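User: I have a structure open and would like to talk it through. Could we begin with the overall picture and then turn to details?

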Amino acid sequence: MSGTFVGMPAFPKAAHEAVNNPTLRGNLRHATHTIRAKREKAVAEVSDWAELREAGKRIKDHTLRHLDDYLVQLEESVTAAGGIVHWAADAEEANRIVTELVKATGESEVVKVKSMATQEIGLNEALEEAGIRAYETDLAELIVQLGKDRPSHILVPAIHRNRGEIRDIFEREMSEWGRPAPQGLTDTPAELAEAARLHLREKFLRAKVGISGANFMVAETGTLVVVESEGNGRMCLTLPETLISVVGIEKIVPTWQDLEVFLQTLPRSSTAERMNPYTSTWTGTTDGDGPKTFHLVLLDNGRTDTLADEVGRQALRCIRCSACLNVCPVYERAGGHAYGSVYPGPIGAILSPQLRGTTSEIDASLPYASSLCGACYEVCPVAIDIPEVLVHLRERVVQGGEVTREGNKVVLKPAKGHAAERAAMRAARWAFARPGAVRAGQRLASRTRRLHPRRLPLPGPGKAWSETRDLPPVPAEPFRDWWQRTQGSAK
Amino acid sequence: MSSRERILGRVRRALADAPGENTPIERTYLREHGDRSVEETTELLAENLADYRAIVHRCSPDDLAVTLAGMLAARGAKTVLVPPGLDPAWLADADAEQVPDRPESTPHELDRIDSVVTACAVAVAETGTIVLDCGPDQGRRRITLVPDHHICVVRVPDQVVGSVPQALERLDPLRPLTWISGPSATSDIELDRVEGVHGPRALEVVLVGAQPGAEANPPQEVPSA
């Protein structure tokens, strides 16, 4: 994944800093609460939401079950429509392919549509190294790029910034990248949007190469779909001469008809709209309209490893709507950066450790970045049982076991940090296998109850917990003895 | 081994122990939400277009030229882009200079044009969406993108469908499609919707057809095509 996230501390440490930042917490609370109420209203408008959700889930599961066939079919239909298909096993290969394609055009700058896949592989940094400047054109991506910042939300990467901060970033940084911010720019959202329009217009009009992702790829027709709001997507998809789309292999749907489900559930789940302002679909190239050359780069980068996990593979159903982020109590307080990945929030907590493996500190901690309240599952338009996968991944971190990495089966060692927990569980297993030992222990505890301290302060990491909690009082008689005495003789 | 073979191999190994399934996807969701007459569907389209800040006009076919001329004049448009297959009668009364949609026009040239007038392929009532499929009366995708003012003419009730599933049935996936729901907008500042970013900031939709109440008899229920 993106180099910008290398060396991230574990989630608890990163989140600790975030929750102590009152501006960040205020910004996140305001934004997530605004969208929550709107989403509920947009979903309530369609009486068959449950059926659409179930159909979305089934279409995606079916696609994943036959992913090899659909990939081959997609390749054929894109090629037949005049597109050129490339395959990239990992981020490095995808970056290399795109860099070479851009170099072959002779251009040294590209305009980009917001795309999670290119964020994931760190494409901008790779292009920069090759002397190619990538301009982000989505408003939130622009804010992140100008602010030399990292994205913190799937849909609105600059959700952690309020209007005042955005104004300051525009005023300070726009001149470095092109047209400066207008004189006397205020912090009203309409003026900020206008500033972005003016700043980017020149770049769109002269652009020769556009880079995008895609929300969906239709196997039977070879059609790609980009769902957006601002029109920057349309600019990048239609004005340049060359279009390069980098898309994760799980973005396939089998048929044109399948779009009827997702074009209803995605806008309502993400921006809480009946329909987003602009949706573009294209199939290969069209004579005299739009790019003359179209390249599709199909990206694996950990997706097939995720597919190999029977429980975890459901994460590949994700359509990146970000509804789970907006309802998550942990995300609302910790913010997106704490997740150490371009995929934050509940979906990030199950996607990043599967795409990247659980060997780094941050990835091993992500399955724990949740209270398992289940709100994410409730709102998910493709019914990903995120709590189920979180628990599954916790098990993997603690117990280790067989996983697939880069196509190979490897055995993970149990995590080191959980030695005390494992020792406690081993002791419990020993005791519960010996009823006599349990009985003797309970009787001893009951007889010595007057000597027990009210609290038992532990040393080390258990201190904070044990210092503020009373020990549970032990009854005068163990339950099993009481039962024997009162009921057992009745039989 | 090529990356293509590597990825396909990984997919096949990953699915080796997955249970086989060949059951068709059950589509128990609705084809359309609610039961509406043709006129009610058009009403809903007008309502939802307006809800997302498109300006909606209604007129009869005989009044279309006057209506379009009035809209262009009200906007102060001096130049208007015209797709090759647009009915010349539509702009017969307009004062604005007509610029044809040509392959050799540069984006910079398009950026200097005030308005664009197009037809559409289909309109979706439930979502307030117009869909362009680059037909001869709609032109290249870029002409409805670069100018700041887009006027789209929808023939009602023929071009109006109720729902997204019905729209997809009518559309040809091999044509490049643009689905438009209101003017360009963003939710990127504090997750609140603001209109007007890169696409046209003004979207006006003309619903052209026999006007309700203009006939002696109430409009008949006509099954949509």
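**Two chains, step by step**

Analyst: Chain B has five helices and 12 strands. Please keep in mind that this is a predicted model.

User: What size of box do the C-alpha atoms of chain B fill?

Analyst: Taken along the principal axes, the C-alpha atoms of chain B fill a box of roughly 70 × 50 × 40 Å. Of its 225 residues, 48% count as buried.

User: And chain A, how many helices and strands there?

Analyst: Chain A comes to 23 helices and 12 strands. Its C-alpha atoms fill a box of roughly 95 × 55 × 45 Å along the principal axes. Chain A has 491 residues, of which 51% count as buried.

User: What share of the contacts in chain A joins residues at least 24 apart?

Analyst: Among contacts in chain A between residues at least 6 apart in sequence, the share is 73%. For chain B, residues 24 or more positions apart account for 71% of the contacts with a separation of 6 or more.

User: Staying with α10(A), at what angle does α9(A) pack with it?

Analyst: Helix α9 of chain A, residues 163-177, packs with α10(A) at an angle of about 25°, and the axes are 10 Å apart. Because of that angle, α9(A) is roughly parallel to α10(A). The crossing of the two is left-handed.

User: Which residues make that contact?

Analyst: From α9(A) they are A:R163, A:I166, A:R167, A:F170 and A:M174, and from α10(A) they are A:P189, A:L192, A:A195 and A:H199. These residues divide into six nonpolar, one polar and two charged.

User: How do α3(A) and α12(A) pack?

Analyst: Helix α3 (residues 49-65) and helix α12 (residues 259-270), both of chain A, pack at an angle of about 120°, with axes 9 Å apart. That angle makes α3(A) oblique to α12(A). Here too the crossing is left-handed.

User: Which residues meet there?

Analyst: A:L52, A:R53, A:A55, A:G56 and A:I59 in α3(A) meet A:V261, A:F262, A:Q264 and A:T265 in α12(A). By class, the residues of this contact are five nonpolar, three polar and one charged.

User: Changing topic, how many residues does the largest nonpolar core have?

Analyst: The largest nonpolar core has 198 residues. Those with the most contacts inside it are A:L299, A:C324, B:V80, B:C120 and B:V154.

User: What is A:L299 in contact with?

Analyst: Leaving aside neighbours within four places in sequence, A:L299 is in contact with residues including A:A88, A:I121, A:V246 and A:I249.

User: Which residues does B:Q159 touch?

Analyst: Not counting residues up to four places away in sequence, B:Q159 touches B:C120, B:V122, B:A123 and B:V154. Two of these, B:C120 and B:V154, are also among the residues with the most contacts inside the largest nonpolar core.

Note on methods:
Residues are numbered from 1 along each chain as its sequence is written. Chains are lettered from A and ligands numbered from 1 in the order in which they are written. This is a predicted model: local features need pLDDT of at least 70, side-chain atom pairs count only at pLDDT 80 or more; totals for chains, interfaces and linings use all residues. Axes are lines fitted to C-alpha atoms, for helices over the stretch in contact, and angles run from 0 to 180 degrees between N-to-C directions. Helices (H or I, at least four residues) and strands (E, at least two) are DSSP runs, numbered from the N terminus. Angles under 35 degrees count as roughly parallel, over 145 as roughly antiparallel, 65 to 115 as roughly perpendicular and the rest as oblique. A crossing is left-handed if the near helix is turned anticlockwise from the far one by less than a right angle, and right-handed if clockwise. Two residues are in contact if their C-beta atoms, placed from the backbone, lie within 7 Å. Ala, Val, Leu, Ile, Met, Phe, Trp, Tyr, Cys and Pro count as nonpolar, Asp, Glu, Lys and Arg as charged, and the others, Gly among them, as polar. A nonpolar core is a set of buried Ala, Val, Leu, Ile, Met, Phe, Trp, Tyr and Cys residues joined through C-beta atoms within 7 Å. A residue is buried if 20 or more other C-beta atoms lie within 10 Å of its own, exposed if 12 or fewer, and partly exposed in between; C-beta atoms are placed from the backbone.
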